[in-house]
Amino acid sequence: MGVLRLVLGDQLTRSVSCLNGLDLEHDVVLMVEVAEEASYVRHHKQKIAFLFAAMRHFAEELRAEGARVDYVRLDDPGNTGSFGGEVERAVARHRPDALILTEPGEWRVLEMMRNWREELGVPVHIREDDRFVCSRDAFARWAEGRKALRMEFFYREMRRATGYLMDEAGNPEGGQWNFDQENRKRLPEGTRVPPPPQPEPDAITREVLDLVAARFGEHFGALEPFVWETTREGALKALDAFVRERLPFFGDYQDAMKQGEPFLFHAVISPYLNAGLLTAREVCEAALAAYGKGRAPLNAVEGFVRQIIGWREYVRGIYWLKMPDYAASNALAAKRPLPWFYWSGETEMNCLALAIGDTHAHAYAHHIQRLMVTGNFALIAGLDPAQVEEWYLVVYADAYEWVELPNTHGMILFADGGLLGSKPYAASGAYIDRMSDYCGSCRYDVKQKTGPDACPFNYLYWHFLIENEERLKDNVRLAMPYRNLARMDARRKAQVRADAERFLGSAQMSPLRS
Ligand code: FAD
Ligand code: DLZ
Ligand code: SF4
């Protein structure tokens with residue numbers, strides 16, 4: 001026969017490199033649902049359902065094109081449950097001349113694939129994943145010799161490389177690289193937010209939902225209502241609805257949070273991008289086209305494009321530059337176990353209960369909830385990085401280690417000592433109060449700084465600065481908070497410590513199911 005081409009669950013792109021040169025007559029495309037991938041962490045039920053349904057639809061599309069697809073379902077007899085086992089069985093079945101792969105998104109899987117070269121007895125070709133705007137080599141060249149690897153400078157390179165929002169003289173559109181100062185508005189009372197499309201599951205997806213209910217019923221999260229798109233066609237519809245209805249306000253309300261509005265003006269396309277149903281370039285170009293037609297303002301389009309060719313490409317670059325050691329650091333020596341309420345949502349802190357509730361219901365929370373609510377709390381409460389990282393990898397439909405780990409380990413926890421972010425994103429309750437309507441219905445009082453009714457974010461914030469003073473006091477971006485801390489009298493400091501210790505030792509912080 002020809003060659004065997006393995007397409008992984010997050011490589012559902014017709015132009016993915018392992019399918020380049022596909023010979024419809026002789027080659028076989030292999031796709032495998034394996035228990036090991038679904039349970040090496042106990043992914044949210046919707047994440048597994050989304051991926052299996054998208055894989056099955058993609059396989060159908062390839063078959064419709066005339067490709068020979070060998071698709072192994074989770075419950076097929078003989079399924080060994082692992083990538084290695086299934087590739088070995090497929091090699092025995094098809095006796096291919098070679099196995100062609102696209103490099104995976106996770107270090108763990110790449111290590112596995114490298115071993116296949118010796119184990120399988122057929123040539124194994126691992127091709128580059130060229131679906132990113134910046135290749136791993138280009139990122140390494142950009143990083144070489146730099147003292148600090150800041151996203152903002154990387155982003156400018158990406159703007160120049162793509163020509164997105166650049167004028168003919170090579171200057172940024174609007175005379176600025178970044179319009180973030182316009183993007184911090186609070187959501188006005190009564191604002192109507194158009195929700196993302198909510199498609200009905202078709203027969204293929206329905207079958208997967210039944211499988212996930214039967215096999216992964218114990219995993220975190222609600223399985224239904226399941227409203228994710230599972231095909232490229234559907235993902236394009238979701239992108240189109242975002243660009244028409246929400247992109248114009250994406251910038252203004254990018255940092256806002258509101259009860260009962262889990263999606264606000266965000267795109268809700270990250271699972272599609274990360275699984276391959278949409279490409280980074282096409283989503284940027286859809287936003288640029290809206291800007292060109294005067295249908296979305298510059299602050300919105302620049303902000304959106306920055307998330308994709310800036311943050312998304314940057315965190316991937318950091319991941320591959322620093323793995324496998326990246327996850328091992330713990331710069332702030334944080335070690336408190338993850339409280340059980342991260343799984344149950346049962347906490348009296350309304351902001352956390354809401355962010356975790358949205359996560360449970362939708363396998364989604366928007367960036368500010370991830371960063372300033374669950375993330376900020378994990379940082380100032382000193383939670384163990386490994387446990388927080390596992391939580392973020394489990395609970396979101398878009399989570400893969402290449403993107404989850406730098407955001408968690410670097411951006412929220414500062415566990416990399418400042419490689420990714422120039423300062424920890426620690427904030428008191430005042431930030432959450434300013435950007436949301438969460439505090440009004442909370443049992444705690446965001447205006448109180450001390451005592452049992454005070455918002456825990458208020459004293460945990462100062463406690464975090466006190467606990468990490470030796471490690472952080474020379475960080476120039478923390479000069480102001482540390483000046484304020486220096487002015488704090490000893491009695492107030494003792495009160496902060498007493499409040500923090502009482503709260504951190506309370507039943508609410510227990511890592512055990514109550
Ligand atoms: P929008 O807010 O509409 O942004 C548009 C797109 O920009 C996103 O779809 C995403 O592809 C990209 N993007 C935005 N911010 C980031 C970022 N910081 N890093 C990478 N891409 C970004 N994103 C993931 O895709 N997978 C993850 O596992 C993940 N884990 C995160 C963990 C933490 C602690 C934090 C703070 C952020 C994490 N993010 C992750 C980034 C971001 O929160 C999500 O990409 C975003 O919320 C997805 O929703 P959206 O499509 O509505 O995004
Ligand atoms: C996340 C995931 C899950 C749950 N299941 C599968 C699967 O059964 N088969 C598959 O090919 N891929 C799956 N994935 C995605 C992989 O975990 C992902 O391809 C690797 O982690 C590399 O990014
Ligand atoms: Fe969260 Fe504090 Fe506001 Fe309650 S008062 S919602 S704990 S920030």
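**Exercise 1.** In this predicted model, determine the composition by class of the shell around ligand 1 and the domains that supply it.

*Solution.* Step 1: sorted by class, the shell around ligand 1 holds 17 nonpolar, eight polar and four charged residues.
Step 2: among the 29 residues around ligand 1, the nearest are H266, A267, V268, N274 and Y364.
Step 3: at least two shell residues each are supplied by α9 (270-275), α11 (298-322), α14 (367-380) and α16 (401-412).
Step 4: because domain 2 (136-199 + 229-322) and domain 3 (341-509) both give residues to this shell, ligand 1 lies between them.

**Exercise 2.** Identify polar contacts of ligand 1 and state how much of its area the protein buries.

*Solution.* Step 1: apply the cut-off of 3.5 Å between N or O atoms.
Step 2: the side chain of H266 places an N or O atom 2.8 Å from an oxygen atom of ligand 1, and a polar side-chain atom of N274 is also 2.8 Å from an oxygen atom of the ligand.
Step 3: I269 contributes a backbone N or O atom at 3.0 Å from an oxygen atom of ligand 1.
Step 4: taken alone, ligand 1 exposes 820 Å², of which the protein buries 99%.

**Exercise 3.** Where does ligand 2 sit, and which helix gives the largest share of its shell?

*Solution.* Step 1: ligand 2 sits in the largest cavity.
Step 2: α1 (35-39), α2 (45-64) and α4 (107-119) each supply at least two shell residues; the largest share, three residues, comes from α2.
Step 3: by class, this shell has ten nonpolar, three polar and five charged residues.

How values were computed: Residues are numbered from 1 along each chain as its sequence is written. Chains are lettered from A and ligands numbered from 1 in the order in which they are written. This is a predicted model: local features need pLDDT of at least 70, side-chain atom pairs count only at pLDDT 80 or more; totals for chains, interfaces and linings use all residues. Side-chain values use heavy atoms; hydrogens and water are left out. A residue is near a molecule or strand if one of its heavy atoms lies within 4 Å of it. A polar contact is a pair of N or O atoms within 3.5 Å; within protein, one must be able to donate a hydrogen and the other to accept it, and residues adjacent in sequence count only if both atoms are side-chain atoms. Accessible areas come from the Shrake-Rupley method with a 1.4 Å probe; for residues, only the protein chains shown count as cover. Helices (H or I, at least four residues) and strands (E, at least two) are DSSP runs, numbered from the N terminus. Ala, Val, Leu, Ile, Met, Phe, Trp, Tyr, Cys and Pro count as nonpolar, Asp, Glu, Lys and Arg as charged, and the others, Gly among them, as polar. Domain bounds come from an automatic or database domain assignment. On a 1 Å grid over the protein atoms alone, a cavity is a set of points where a 1.4 Å probe fits but cannot get out, and a pocket is an open set with protein on both sides within 12 Å along at least five of seven lines; lining residues have an atom within 4 Å of a point. A molecule sits in a cavity or pocket if more than half of its atoms lie within 2 Å of its grid points.
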